[in-house]
Protein chains: 2
Amino acid sequence: MRIALAQLNYIIGDFDLNTSKIIATIEKCRQQGADLVVFAELSVCGYPPRDFLEFDDFILKSYKAIDAIASHCEGIAAIVGAPSHNPDVKGKNLFNSAWLLSDGKVQALAHKALLPTYDIFDEYRYFEPNRTFDCITYKGIKIALTICEDIWNLAPDPLYISNPMDVLALQTPDIMINIAASPFTYDQQKTRLEILKANTNQYKIPIIYVNQVGAQTELLFDGNSCVLDSEGKNVAGCKAFDEDICFADFNPDDKSIVSDSPQLIENSSKTALIHDALVMGIRDYFVKMGFSKAILGLSGGIDSALTLALAAEALGNENVYAVLLPSEYSSDHSIADAVALAENLGCKYDTIGIKEGYNSILESLKPFFKDLPFNVAEENLQARVRAVLLMGLANKFGYILLNTSNKSEASVGLADYINRDHEIIPVNSIAKPPSAELRPGQKDSDSLPEYDILDQILYNYIELRQSPADLVASGFDETTVKRVLRMVNMNEWKRHQTPPILRVSPKAFGQGRRMPIVGRYLS
Amino acid sequence: MRIALAQLNYIIGDFDLNTSKIIATIEKCRQQGADLVVFAELSVCGYPPRDFLEFDDFILKSYKAIDAIASHCEGIAAIVGAPSHNPDVKGKNLFNSAWLLSDGKVQALAHKALLPTYDIFDEYRYFEPNRTFDCITYKGIKIALTICEDIWNLAPDPLYISNPMDVLALQTPDIMINIAASPFTYDQQKTRLEILKANTNQYKIPIIYVNQVGAQTELLFDGNSCVLDSEGKNVAGCKAFDEDICFADFNPDDKSIVSDSPQLIENSSKTALIHDALVMGIRDYFVKMGFSKAILGLSGGIDSALTLALAAEALGNENVYAVLLPSEYSSDHSIADAVALAENLGCKYDTIGIKEGYNSILESLKPFFKDLPFNVAEENLQARVRAVLLMGLANKFGYILLNTSNKSEASVGLADYINRDHEIIPVNSIAKPPSAELRPGQKDSDSLPEYDILDQILYNYIELRQSPADLVASGFDETTVKRVLRMVNMNEWKRHQTPPILRVSPKAFGQGRRMPIVGRYLS
């Protein structure tokens, strides 16, 4: 049996687009001799559909899309992902299902049992977990059909009390097929391959793993769909960060699986992966929202420099507009660095001083501020005037404003990566002490620990969930630790109002990290 | 047995404060002859603790707090809520538990089985559902001890496949105790009483129901803890929107329960309830964050007028600062209405024209805007200059800026309610057509349907999840329906960046409504 792995980029809720992509891919695979084409989890509606699933109309549209796809499955079968109604009056109304379509109709369904409800996942919010398991059979081949998380429960401290594959294995399937929507983090591909190999090791049959690709707001899906043989050997794989199809030929007699498609590419540097993920994330946000042009404030510092370089790569340099917004405290060097970068990239740029707007607003506030000393109020006011100027241009000309806030350490590695062939981002931008340049001689380190210390504390606290005692025990200064954790926790309200942040870490700021705004823990 | 219902207001993660409140309440109830004091769900750590639960250190602090509380339970018992470790290696690491404390130590635990994971709830994100059920016994009385959602599964289309009370009832308990964290909506008290009565009707024993009170960021807990006898009769209840304790005497021989505390107040108008909830929500946000003073922009329109009146009530008129920020398009009437309101309330107010700041920034943009016609860019620019002025004052003087965005229809009812005794909000502010006054003669209805139509479409779509076809079938104009739904869905990115909104509706914008930002459903 020739199986095609169809790794596509879907738009959530765009049934017309998703359906026509799926149908076109079925046709293409048929021409290449496939017996079965496998698509990703919830491919029909896009993943994650979130609260769209609460609309009966949305589910109805999904059912209609399934019918349309099934009608194209003549002489070929397809496995697609879509919600299905739970026939039992008890429990939630929907299952997260894999649908086997052939001979123009729905032949079988397999429902997801393990519903990830942690970090960025909310599946138990919508779906009833499946409790009964049966292999499906197509062309005499017995398939253990599972959905993403269903095969992720092999750890020594398992998150769920049972494994669907343990039940399915009793029915002696010939092959496993897993349809997934597994988002990118910088170490996810490694983790994912370990899990897939743990499954082939445990169940001794080949596995077909189909992931979706593309960005869904902050979530980045890298694809990397693949085929492993019964010994966990890499047989074939789709490209990372792009749509792709690969094929594998399964022989049920000896359970062997071979492929004329390329193998999965298993190794890339962490920085290269993050770079590619961010470029895809920026591009897909714009494409899927129907936008084309971006604007950003370019300071000559590393954060906005890196954002500009990534945006130019994602959207084309002709679609990115850099605006230099110097204050009276901005150094000549900053302006020169910003200009050099914009010219290196070939992006349009302009300069608008903020002094006039700032002074005018300060003059309006003069009767209230009186002779109070210059402080953070005036610093922030300059930053806000910058935002007003940028948003004015964005509104007038249809640009989308990119946020250039940093997540320090990663920035330096990525800036070096952008410069890997030749200097695009001025080395001065990378090397100089970070500063918002909102008062004379200001440096970020005046109000924050040095970034190399700050980054480690943040990583240990946010990603590893270490306690203050853990951090002090590993050598960080106690006062610094308390101050940093307090700053993180006191500023939850700011993160609540932040624009979407492309997610590249296993525990990132955004929908995967849900903290109380009002709370007094470590604050 | 004399049982005290302790309805307290907790701060999430503030173990010192919560513990000392609980201990002080145990002492107080002991003095009033109580045998058992019952506190709310997760009372020790505060509800909802959200991802604080992922920190081992947080759980450890909770265990220590339990020990401290238990040491005060001599000659009296307490039931408190806190997370507990799941001893089984399989499944999630924590239970959401009710702890029976007496004789200085932990006597028994009951774990929550039904974990709400919908709307604003995320409990399966953190907790393993309980699967084994045993009544607990104290002073010879057999108690069916459950936690909030555990008793909410009696509908004909139940969300969960089993009911903990069905198992516990087989053990013939004398009484039910339910500890809860049940947030307010304008119809929640009615729904909650129906559920409690359905339980007494089904299981024929009295119920002690203890809710927490107070606001946790956007979530408003109204309290309304209560005692129903075995026939569902209202025996006693705590106050709404305030800390309170009530007592009930249970006689195990005849299962009768009587009280010398006041009965639960069952009826208030929807508008009065929303008013009280919002006042509590504003007050608690400030108190718990350690803030005291608020600032807002006062336009003379209904939205900011209502916000000012609510803030003055919540924080004291001396703590609320109103700033009039007229544009060149503002009418004299608007200014007069704003001044009248500030004076009626006795709030400090000032006037800062935005013309100078606006013109100066427009001048900086002139080389780019050139002679392009005035449009939404200039309108928004004026609104943003207002925000910069307000934030400048907020930063300089330590005010917290209140958002005055509307949710139209509710505003009118509430403004009338504020005026119930005499005119505080000028009737002109309530009656005149809403306008941002950012260009000559501008009215909201230029770009939106009239609010009475808009409100109905939004209610049917957002709260009832009706489809476009449903809406058209109930008589709304198809073009208007499509336009409104498209506006709602295209602007998800704006709501993503909004400050917390106090939740008063069953399906409100905020953490209970999780939509894709990038999606193409009804947009």
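Q: Is B:Lys139 buried or exposed, and why?
A: B:Lys139 counts as exposed because it has 11 C-beta neighbours inside 10 Å. The cut-offs are 20 or more other C-beta atoms within 10 Å for buried, 12 or fewer for exposed, and partly exposed in between, with C-beta atoms placed from the backbone.

Q: What kind of model is this, and how is the numbering done?
A: This is a predicted model, in which local features need pLDDT of at least 70 and side-chain atom pairs count only at pLDDT 80 or more, while totals for chains, interfaces and linings use all residues. Residues are numbered from 1 along each chain as its sequence is written, and chains are lettered from A and ligands numbered from 1 in the order in which they are written.

Q: Back to B:Lys139. What is its phi?
A: Phi of B:Lys139 is positive, about 50 degrees, although the residue is not a glycine. B:Lys139 sits in the loop between strand S6 (136-138) and strand S7 (141-147) of chain B. Helices (H or I, at least four residues) and strands (E, at least two) are DSSP runs, numbered from the N terminus.

Q: And what about A:Lys139?
A: A:Lys139 has a positive phi near 50 degrees, in the loop between strand S6 (136-138) and strand S7 (141-147) of chain A. A:Lys139 counts as exposed because 11 C-beta neighbours lie inside 10 Å.

Q: New topic: which peptide bond is cis in chain A?
A: The bond joining A:Tyr47 and A:Pro48, with omega about -5 degrees. A:Pro48 lies in the loop between strand S2 (36-38) and helix H2 (56-70) of chain A.

Q: Which one in chain B?
A: The bond from B:Tyr47 to B:Pro48 is cis, with omega near 0 degrees. B:Pro48 is in the loop between strand S2 (36-38) and helix H2 (56-70) of chain B.

Q: Where is B:Leu306?
A: B:Leu306 is in helix H6 (residues 302-315) of chain B. B:Leu306 is buried, because 26 other C-beta atoms lie within 10 Å. Its C-alpha atom is separated by 9.7 Å from that of B:Leu341, 35 residues apart along the chain.
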